[in-house]
Amino acid sequence: MAGGAGRPELPVDVRSGGASGSHAVLVEAVLDALPSPTLLLDANGRILLANSAWAVATELLEDPRLQVGVGDDYHAMALSLRDDPRTRTLIQQLKELGRGECETVTFDYALPHRGGNRWYHLQASRVDQAGQVVVTHTDITSLVHAQQTSAWQARHDHLTDLPNRAHLHELISAELLRPDRGPVSVLFMDVDGFKDVNDTLGHEVGDQLLRELARRLSKRTRSEDTVGRLGGDEFVVLCRDCDVDGALRLAERFQSTFDEPFDLAGEAVTGLSVSIGVATADAGAVRSTDLVRDADLAMYAAKAAGRHRVRVFSPELRQAVEQKVLVGAELREAIDAGQLVLHYQPVVSLPGGAVYGAEALVRWHHPVRGMLQPAEFLPLAEHHGLVVPLTRWVLREVAQQAAAWERAGMPLALGVNVSAAHFATGTLVADVHDALDAAGVAPERLVLELTETSVAEDPLRAAAQFAQLRVAGVEVAIDDFGSGFSSLGQLVSIPAGALKLDRSLIAHTATRRSEAAAAIAAVVGLARACGMRSLAEGVETAEQLELVAELGCNHAQGFHVGRPMPPDEFGRWLDERRSAAADPAPAAPILPEGAPADQLLRA
């Protein structure tokens, strides 16, 4: 605060007596009551008064340079503590304050202490026309520590104490802008099998794994490198002055991190590995976000190639991603533009070979790229959240086709694959009924399939919706049985009417006939015991068809039986078979199948 015209002036030494002694005593009492160390200075910086808190602070800091009193030079004391441009600017400002050229002065500074620096906030105000100045020194150590902790936490991962995403980008950007820098490499790492640790041992053990991994990675970096965590099980390493060859050597070093078992909750965990992507900026202007993105793309390419791989970014990877984005946008339009078509693959009963139904397999008649197989666009449909609308379209088309064939005297059960994503929406039952009602076809003409691995994602939700569908008359089947770790508990709890043997079991009959036959017989017996029919998919030869018939399969499907065909061609094929031998009407709906070569619709 600035001095006022009517305010009495204090004597040069407020501790001396005189006409203004009562005012001096009052000022001394007021300053002494202040909790912060406070000094009263004259216009030249001489100390007129020091309160009791000042004495306490000097004792705490144990610095003899602070032990000043009345008559000592405050400016000289400040310079003795730190003679630098900031301190000289402070002294100049205090002199200007004494002359009335400014209203207040503030200054934050740190003083050394055996327990660590103590921080103070200096605030000075002019109190009278004579230029006397009150200077308070408030201890803000706790506030500074809190701010430093908050700032540190905002830039570091709370679990591993490594730099977080924001801080990593700051560090990478600073390195890319450094004059005369060398090559800058970024390694993007993703732990293979981390989800299994979380699922089997719990998230606390997963966190323990991440902390241990952070420690191991930090020990294997060079002194000039920085390890950070983006989140989840993704780590990024900034490698300064490091070309591609150097980055690959570091990647090998990081991979060796997983050779030693991890001691987690008293259990030695092995079998983990890491997929690593490498991106390098040799020269020129590059953004940190672009460099990390490129390393991320390379990591996904490494993971797609198999576990424990390293891939270096190339422009082709980015072009592939851009193409996927483009195709994803086109697929969204294709659903409404009538570019999707369905082909139907026959399913026959055994041992007689009568046609019982067909499986609907989706194709994309792209206006530029021609007829696309499901493998070329179904993964994109899943990535862009288009699986459910795509499946709704398939359900409507299949229901209309079933109705058309029934009117033509060909009552067939047609199969459609559905995905776990459709179960999660909670709309599957309603979507099926909408399609059937719109086509005016009986529920018995529709068969829905879900792979056993998809059922495992949410077996309770799947069972509830399967039960509603079967009560309504829609058949349900478990597809690809035997391709993974089949759960007998799920098989019992899921109300399915058919079990489809995975094509891998059928394919093994060519090389390991006796073992494959035993496995097929076991699955057929299991289906029969659970009240289900069995269907062998992927039957490619007459020998395989004969074998699965001998082993008791109820139905078969594959290229030897018939390839996927457009509706018109399928109708002609069926007429030719029926003209050669009378074909009875289906006694019960069957489940169709799609060979991996044809990539049946995974909706």
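Ala 439 is placed in helix α15 (residues 428-439); helices (H or I, at least four residues) and strands (E, at least two) are DSSP runs, numbered from the N terminus. The structure is a predicted model, in which local features need pLDDT of at least 70 and side-chain atom pairs count only at pLDDT 80 or more, while totals for chains, interfaces and linings use all residues. Residues are numbered from 1 along each chain as its sequence is written, and side-chain values use heavy atoms, with hydrogens and water left out.

With a relative accessibility of 12%, Ala 439 counts as buried, where buried denotes under 20% relative accessible area, exposed over 50%, and partly exposed in between (1.4 Å probe, protein chains only). Neighbours within four places in sequence being left aside, Ala 439 is in contact with Ala 399, Gln 400 and Ala 403; contact means heavy atoms within 4.5 Å. The C-alpha atoms of Ala 439 and Ala 402 are separated by 8.4 Å, although these residues are 37 residues apart along the chain.

The largest nonpolar core comprises 75 residues. Such a core is a set of buried Ala, Val, Leu, Ile, Met, Phe, Trp, Tyr and Cys residues joined through side-chain atoms within 4.5 Å. Helix α13 (residues 387-407) supplies the largest share of this core, ten residues. Among the residues with the most contacts inside the core are Tyr 344, Val 398, Leu 446 and Phe 570. When neighbours within four places in sequence are left aside, the contacts of Leu 446 include Leu 395, Val 398, Val 432 and Glu 475. Another core, of 30 residues, lies apart from the largest one and has Met 189, Cys 242, Phe 258 and Ile 276 among its members. In soluble globular proteins, nonpolar side chains tend to be buried together.

Strand β11 (residues 273-281) is largely enclosed by the rest of the structure, because eight of its nine residues are buried. Nine bridges pair β11 with strand β6 (residues 184-192) in the antiparallel sense; two strands pair if DSSP finds at least two bridges between them. In this pairing, Ser 273 of β11 stands opposite Asp 192. Strand β12 (residues 310-312) runs parallel to β11 and is joined to it by three bridges, with Gly 277 opposite Arg 311 in β12.

In helix α20 (residues 513-529), the buried residues include Ala 516, Ile 520, Val 523 and Ala 527. The buried residues of α20 pack against β18 (475-481), β19 (498-501), α19 (503-507), β20 (533-536) and α21 (542-550). Ser 514, Ala 522 and Ala 529 are exposed on the face of α20 turned away from its buried side. Just after α20, Gly 531 adopts a positive phi of about 75°.

Several loops show backbone features of note. Most residues other than glycine have a negative phi, and most peptide bonds are trans. Glu 62, which is not a glycine, has a positive phi of about 55°; Glu 62 is placed in the loop between α2 (52-61) and α3 (74-81) and is exposed, with a relative accessible area of 52%. Asp 180 likewise has a positive phi, near 55°. This residue is found in the loop between α6 (165-177) and β6 and, at 79% relative accessibility, counts as exposed. A cis peptide bond, with omega about 10°, joins Leu 350 and Pro 351, and Pro 351 lies in the loop between β13 (340-349) and β14 (355-366).
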